[in-house]
Amino acid sequence: MKVLFVMPDFNYVGEYMPDYKGHSSLGVGYLSACLKKAGHSTALAHISNEKITKKEFVDILKKHNPDLIGFSFFTHQFSAVKKWSFWIKQYSNIPIVCGGIHSTIDPNSVINLKSVDFVCVGEGEEAIVELADSIGKKQDTTKIKNLIVRKGYKIIRNPVRKLVQNLDDLPFTDKSIFDIKNITDGTMGLLSIIATRGCPYRCTYCVNHQLQKIYSNQSFVRFRSVDNVIREIKQHKKDYPFLRYVEPLDDTFAIRKDWLIEFCKRYKKEIKMPLRANVRVDLLDEAKIKALKSAGCQRLALGLESGNEKIRSNILKRSMNNEKIIEALKLCKKHGIKTTTYNMVGIPEETIHNCLETIKLNVASEADDMHVSILQPYPHTDLYNYSVRKGYMKKTKQVSTFFGESVLKLPTISKQEIHFAYEYFVIFARLYQRFGRFRRVERFLDNLYVNKKRHKFLLKIKPLISFFVSPILTTYHLMLRVSPGFTRKVKEIVYNQ
């Protein structure tokens, strides 16, 4: 069986990545590895051009001539999948299976497409192998667990199988399906892995609470053994020697102290590559930070989301106080680990003053870099349901990316204020870092930030203000557009000094 994965991979952050060429997907890599282990062949149509024409798309199909096509996509990419799946059926009656997080959380919207034959709900490694086996042998495909099946006008919904509890039973993710050297992973030197599956938390803007419902009464959070993870890194390091650092993409990388400390000891001894990771801030303590630093950890990315404790706790369901956040980030600085924070604006019940609180929390925490996005309430999350119930959005409203315009109509903050908060977040953080100790300057900045009458003018002159506040960073972004490869090499040299 020849299986072709079609993966839309659109990036909308041109300011940061004008040379974006796509990232590898661990999920697709695992599916490919399992199919190959079962004797099937796989290929990938990695589409980073949202404006691909019908002819270009059909030429891909002709080139690969697959027996089965698998889509993996996020919610904001669903419109592309609708169009492409229709093109496929116009070209040939190749069976189509859709997976990924959107298919799992909102399977009805996908199976309702007449061009889609199967929808995979949940983890799909075993299901896609069974499907490929059944199609190859011309056997019944209607009873495969995890799959919703279209049979003519009939929709068959099969139960979800038990989760794989021993993750070491899975093969290493297949990176060969991607053009690693020429996509963004290669240009940035990124070797991505994942050591765990499942997240025990229930943040309202995330889909984990829906996944927990699907897999209720099971051990949802699972860990690979340290040995298994180390062996995979060694294998990828051998296959792709040009990759310069390792980044685990786990939701809960630091949740188990014993596992983390053992991993760091083995990593320091056997891998000896710079390490970067995403960590939940309230899982950090000094022992974990020391272990990460000893392993060569350069940077940790941590979610602050909002600087207002009530909004963070009541609206986002992230129960952590500001004092703990400040303490954790300062511990990172103490031990020489740089920090990147994740922040949101446009949260329900938020005001422009709350956005300022988020900026000031970053300043108090001494964050090295700040990543800000505009909240998007994705379908079937608790925050989506809350927003619909409160009348902040229509149930059928199409969401955007994290960097697009807010789809919410909030009584506490206008769309222009949200846009201003997003555009000026880092600028004001830098101003507070430099001049906030002067009380008069701080009051001036406070008044300037919350004065919505000045926002329109400030947005017009943002390029000038950006250069005044951060001339090096502004120059870097301009150079990225002119010569991204050279610019990233210079940054890497300076960054690693």
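Here is a talk about some of those labels, for a model that is predicted.

Student: Let's begin with S32. Why is S32 called buried?

Tutor: Buried means under 20% relative accessible area. S32 has a relative accessible area of 0%, so S32 is buried. You will find S32 in helix α1, residues 26–37.

Student: What makes the pair S32 and T42 a polar contact?

Tutor: The cut-off is 3.5 Å between N or O atoms. The side chains of S32 and T42 meet at 2.8 Å, so the pair counts as a polar contact. Leaving out residues up to four places away in sequence, S32 touches F5, T42, D174 and I177.

Student: Now V441. Why is V441 called partly exposed?

Tutor: Partly exposed lies between the buried limit of 20% and the exposed limit of 50%. V441 has 31% relative accessibility, so V441 counts as partly exposed. V441 sits in helix α18, residues 439–450.

Student: Which residues make a nonpolar surface patch with V441?

Tutor: F435 and F438 do, and the patch with V441 is about 230 Å². Patch residues need over 30% relative accessible area, and V441 has 31%.

Student: How do you know whether K138 and N146 are buried or exposed?

Tutor: Exposed means over 50%, and K138 has 79%, so K138 is exposed. N146 is at 1%, under 20%, so N146 counts as buried.

Student: And helix α16, which of its residues are buried?

Tutor: In α16, residues 415–423, the buried ones are E417, I418, F420, A421 and Y422. Their cover includes β14, α14, β15, α17, α18 and α19.

Student: Which residues touch the most other members of the largest nonpolar core?

Tutor: F263, Y267, L292 and L300 do, in a core of 114 residues. The largest share of this core, six residues, comes from α17. Apart from this core lies another of 29 residues, among them A45, W84, V121 and I148.

Student: What does F263 contact?

Tutor: Leaving aside neighbours within four places in sequence, F263 is in contact with V226, V229, I230, I233, F253 and L275.

Key. Residues are numbered from 1 along each chain as its sequence is written. This is a predicted model: local features need pLDDT of at least 70, side-chain atom pairs count only at pLDDT 80 or more; totals for chains, interfaces and linings use all residues. Side-chain values use heavy atoms; hydrogens and water are left out. Patches are made of residues with over 30% relative accessible area and no salt bridge: like charges are joined within 9 Å, nonpolar side chains (Val, Leu, Ile, Met, Phe, Trp, Tyr) within 5 Å. Accessible areas come from the Shrake-Rupley method with a 1.4 Å probe; for residues, only the protein chains shown count as cover. A salt bridge is a side-chain nitrogen of Lys or Arg within 4 Å of a carboxyl oxygen of Asp or Glu. Helices (H or I, at least four residues) and strands (E, at least two) are DSSP runs, numbered from the N terminus. Buried means under 20% relative accessible area, exposed over 50%, partly exposed in between (1.4 Å probe, protein chains only). A polar contact is a pair of N or O atoms within 3.5 Å; within protein, one must be able to donate a hydrogen and the other to accept it, and residues adjacent in sequence count only if both atoms are side-chain atoms. Contact means heavy atoms within 4.5 Å. A nonpolar core is a set of buried Ala, Val, Leu, Ile, Met, Phe, Trp, Tyr and Cys residues joined through side-chain atoms within 4.5 Å.
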